[in-house]
Amino acid sequence: VILRVPGGQSLVIDAKVSLNSYQHAFGSVDETERAVHLTAHAAAIKNHVNALGNKAYWAQFDDAPDYVVMFIPGEHFLAAALEQDSKLWDFAFERRVLLATPTNLIAIARTVAAVWRQEKLAKEARQIGELGKELYDRLAKAALDLRKVGAGLNSAVNNYNAFVSSFES
């Protein structure tokens, strides 16, 4: 899914995630079998994180951030994986993948939009600064040229007055 956020930017969200192992875990009556399936669930999410990181969506879209959002359709699915692999969150982040659930997906989208707005304002402020410097440089040049014109006019008036004085005498 490509979510268009204010400012013309795009947030890439991948909503495909395997939940088969999770379902098998909670269909199991044996605790050992359940643990095996939960470990497989965490591994499946980790594999999907790797696959998303390797796709490098941020390189495919000019207006996308340097990461992709991996949507997991329930907090309990992510919590079960994190219980099995406590470093999963960091693993995903290192691969430029943000793990999102229904609770935090909107927060992520709004945060990204706010960051982009701030980035756009900073870019515009830099442009204003550059234009201000250019305007200052041009006004300084115009003032210098005007001083030369003034000096020329002053010289012309003095020469005219000298001529008139010489002519009249």
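**Helix packing and sheet order in a predicted model**

α2 and α4 are roughly perpendicular to each other. This model is predicted.

Student: At what angle do helix α2 and helix α4 pack?
Tutor: Helix α2 covers residues 31-55, and helix α4 covers residues 75-84. Their axes lie 8 Å apart. Angles of 65 to 115 degrees count as roughly perpendicular. α2 and α4 are therefore roughly perpendicular, packing at an angle of about 100 degrees.

Student: Which residues of α4 make the contact with α2?
Tutor: From α2 come A35, L38, T39, H41, A42 and I45. The residues of this contact divide into seven nonpolar, three polar and no charged. On the α4 side, the contact is made by F77, A80, A81 and Q84.

Student: Which strands stand at the edges of the sheet?
Tutor: The sheet is open, with four strands in the order β1-β2-β3-β4 and mixed pairing. The twist averages 35 degrees from one strand to the next. An edge strand here has a single partner, so one side of it is left without a neighbour in the sheet. That describes β1 (2-5) and β4 (97-100).

Student: Which residue of β2 is the bridge partner of V5?
Tutor: Strand β2 spans residues 9-14. β1 and β2 pair in the antiparallel sense, over four bridges. In β2, the bridge partner of V5 is Q9.

Student: What angle does the direction of α2 make with that of β3?
Tutor: α2 packs on the sheet. It touches β2, β3 (68-71) and β4. With the direction of β3, that of α2 makes about 155 degrees.

Definitions and conventions:
Residues numbered from 1 in each chain as written. Predicted model: local features only at pLDDT ≥ 70, side-chain atom pairs only at ≥ 80, totals over all residues. Heavy atoms only, no water. Axes fitted to C-alpha atoms, helices over the stretch in contact; angles between N-to-C directions. Helix = DSSP H or I, 4+ residues; strand = E, 2+ residues; numbered from the N terminus. Parallel < 35°, antiparallel > 145°, perpendicular 65-115°, else oblique. Contact = heavy atoms within 4.5 Å. Nonpolar A, V, L, I, M, F, W, Y, C, P; charged D, E, K, R; others polar. Pairing = 2+ DSSP bridges.
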